[in-house]
Each structure stands twice: as structure tokens, then as C-alpha cells.
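The sequence and the structure are shown first, and the account follows.

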Amino acid sequence: VTITTRLLVSHLSGIRHYEKDITKVKEEKEKANRALKLTKSPQDKEQKEKEGKGIEKTDCVKQKKEHNSETKSRNSKPGRNDKEFEQEEYYLKEKFESVIESLKIFKNDPLFFKPGDQFLYSTYGFTLLSAVVERASGQKFTDYMLKMFRDLDMLSTVLDDNEAMIYNRARCYIYNKKGRLVNAPYVDNSYKWAGGGFLSSVGDLLKFGNALLYSYQAGQFKNRNGKLLPGYLKPGTVAMMWTPVPKTEVSWDRDGKYAMAWAVVEKNQQYGCCRQQRHYASHTGGAVGASSVLLILPEELDPEALGTWPVAPPRGVIVTIICNMQSVSLNSTALKIAKEFDKEKRAQ
């Protein structure tokens, strides 16, 4: 088979995640698909029913389900029933000196499917991607990334190295099987730097989001007498990264598809005065004792007014949340915050 970097970055490579048993992976995917169909059925019913009464009833059912889901989420302890973190490889304590060395964890395991056929989120796919970066750049992956973070002015973003003294590093927490809050166990993340081995701050993630949004929009501001600096990436590169890839899915956002290392929701509205989808990109993070999200909601720009606007890019809302607690769902909260700020900006 042939595995390309595009397949790796969109999780279509067939490389396993932490679960080694393909049967269990298939069962979990089938269960998730059934749950998705159940959540979508009220929307399907709403589309079919034309009478106001039917629509009103559907909305009530939907609101009740959302309310019950939120209540259940508030009352449950994060991580208590999270099967994801039952996987042993989350808790590796071995120190790997290079990303090439860490490939030994999975390099002899069979692929779960032919590359390009199915979507399977894989941290190890990104470990392989980091090895590609290391060989292509001729530098250690960690050195390459730290230089990039410096270019982006992300001076608080570092390797989650247990031995290093890192200023303001937070202690991480989990709930144990009895539902009690305890310190997260010791782990060594050197086996997955690219997929979950960096520490950052809210301020740095906002800088990262702004750099991407600036790069995405810079090409649209053409009439500024050459005063606009280029973005860190080309506009077309970010647009490609934020373009949904076929056959992908997103577990934390049912409206989204996976793109290139980002989950993306496309702009969409099927009916007048009905539900609207705004274009945005996001990604969540989950590690032993920590959760995070970064969401970018670009402003919808008017091409005719771009040349006269006094304010240069980035234009939009960026929300990031970092939580030193395991298994906290943050994407929907980030989206609500982004929409509130966007609404306020529109009102002005």
C-alpha cells in the first residue's frame, strides 16, 4: 500500500490508534454511527414536516434532548466512564530519544484498512508524520517545532518534558473509579510529541489562531498599497487545510468533517429564516489529566469593502480553553462563546 502525508494528516492512513483490536474499533464506530442517526432523526423529521405544528413539536423534542444531555453532563464526573483512557498506551513511562525510535510501538502492527478507504483518528499517524518532518527537514522534530513556535511568538509553548523545570506548569487531575478527584498518574509523552506532547498557554494558542486566520484572510485584502505583511502560511495553504476531506468524520462536532489536522464546519443554510451553519475550524485535545480546544470563527468578509476597511486581518473570533482535567468536553462551549462575541461585533 501507499500512505501519503495527506492521508496521515486527515487520519485516513489505516494506522491504529491506542486500541489494538480492530473488532472493538468497529463495534465502537457502529455504536457511534447509531447514536449519530438518533440525534439526526429529529432534524430529518423537521425537514419532512411542513406544518408549523410539526416543526414546533420537533424543536421541543430537540431542546428536551439537549437539556437532558447537558444535565447529564453536569452531573457526571469527567473521565469516570471514559473508555478512551482505559487504553494502556496512554500511560507509557518509557523515554524515547527520537520520534524515529518511537515508531517501534506500532510499526509492525497491521493496518486496520486500506489507506484512503476509512477514517480512524490516530495519534500514531501523527507520530509517523513527525518522523517524516524530521527526515525531510534534517532536524530533530522537537527542535524544528520549537523554532516554529518561536517564529510564531509562542514562547510559552514547550515540550511536556517531565525532567525540565517549566514555569507555570499546572498539575493535572483525573477522577478515579470511585469518583474522587486525584492527581493524574505519571506518564512520558516522548512517544507522541506531535499527537499530544506539547504544553501551551491560552495566550500562545490565541497567537497561533490569529496567525492562521491572518494567513487565511491576507490574500483577500489586496488594495492596501503593499503595506500588508504576508502571512506565516500562504492563503491557499490554510484554505486547503480547512477544506473538508471526503470519508472523514468528527466525534466532537456532528456538523463537521475532518480536514487536514482540523475539524471544519462549512457555511450552510438550506431554508430561509432557519438554522444557519457558519464556517469555522476547531480542534480539541485530550491527554492524561488535561483537555483543551482551539476554535477559529472567521468573519464573513465583504469583497467589495475590503479595500476601504481601516482594519487589517485577522478578522473573526478565536476561542481557546485549556483545562487541567481529563475528559472535559469543550468544543460546544467554545462555539457558544465565539457566537456570542460574533453577535456583539455584528451589533456594533
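## Cores, a helix and the cysteines

The largest nonpolar core has 40 residues, and those with the most contacts inside it are Tyr124, Leu212, Trp242, Trp262 and Ile296. Such a core is a set of buried Ala, Val, Leu, Ile, Met, Phe, Trp, Tyr and Cys residues joined through side-chain atoms within 4.5 Å; buried means under 20% relative accessible area, exposed over 50%, and partly exposed in between (1.4 Å probe, protein chains only). At least two residues of this core come from each of α1 (5-9), α5 (123-137), α6 (141-151), α8 (202-218), α9 (235-241) and β8 (290-298). Helices (H or I, at least four residues) and strands (E, at least two) are DSSP runs, numbered from the N terminus.

The model is predicted: local features need pLDDT of at least 70, side-chain atom pairs count only at pLDDT 80 or more, and totals for chains, interfaces and linings use all residues. Residues are numbered from 1 along each chain as its sequence is written, and side-chain values use heavy atoms, with hydrogens and water left out.

Contacts (heavy atoms within 4.5 Å) place two residues in their surroundings. Leu212 touches Leu233, Val238, Met241, Trp242, Trp262 and Ile296, not counting residues up to four places away in sequence. Glu89 lies in the loop between α3 (52-75) and α4 (99-102) and is buried, with a relative accessible area of 9%. Leaving aside neighbours within four places in sequence, Glu89 is in contact with Arg16, Tyr18, Lys20, Ile105, Tyr124 and Tyr191.

Helix α10 (residues 331-347) has 17 residues. Its buried residues are Asn331, Ala334, Leu335, Ala338 and Asp342. On the face turned away from the buried side, α10 carries the exposed residues Lys336, Lys343 and Ala347.

The structure holds 0 disulfides, a disulfide being a pair of cysteine sulfur atoms within 2.5 Å.

| Cysteine | Nearest cysteine sulfur | Distance |
|---|---|---|
| Cys274 | Cys273 | 6.9 Å |
| Cys323 | Cys172 | 9.3 Å |

Cys274 is partly exposed, with a relative accessible area of 39%. The sulfur of Cys323 is too far from that of Cys172 for a bond.

Conventions
Expected span 1.5 Å × (residues − 1).
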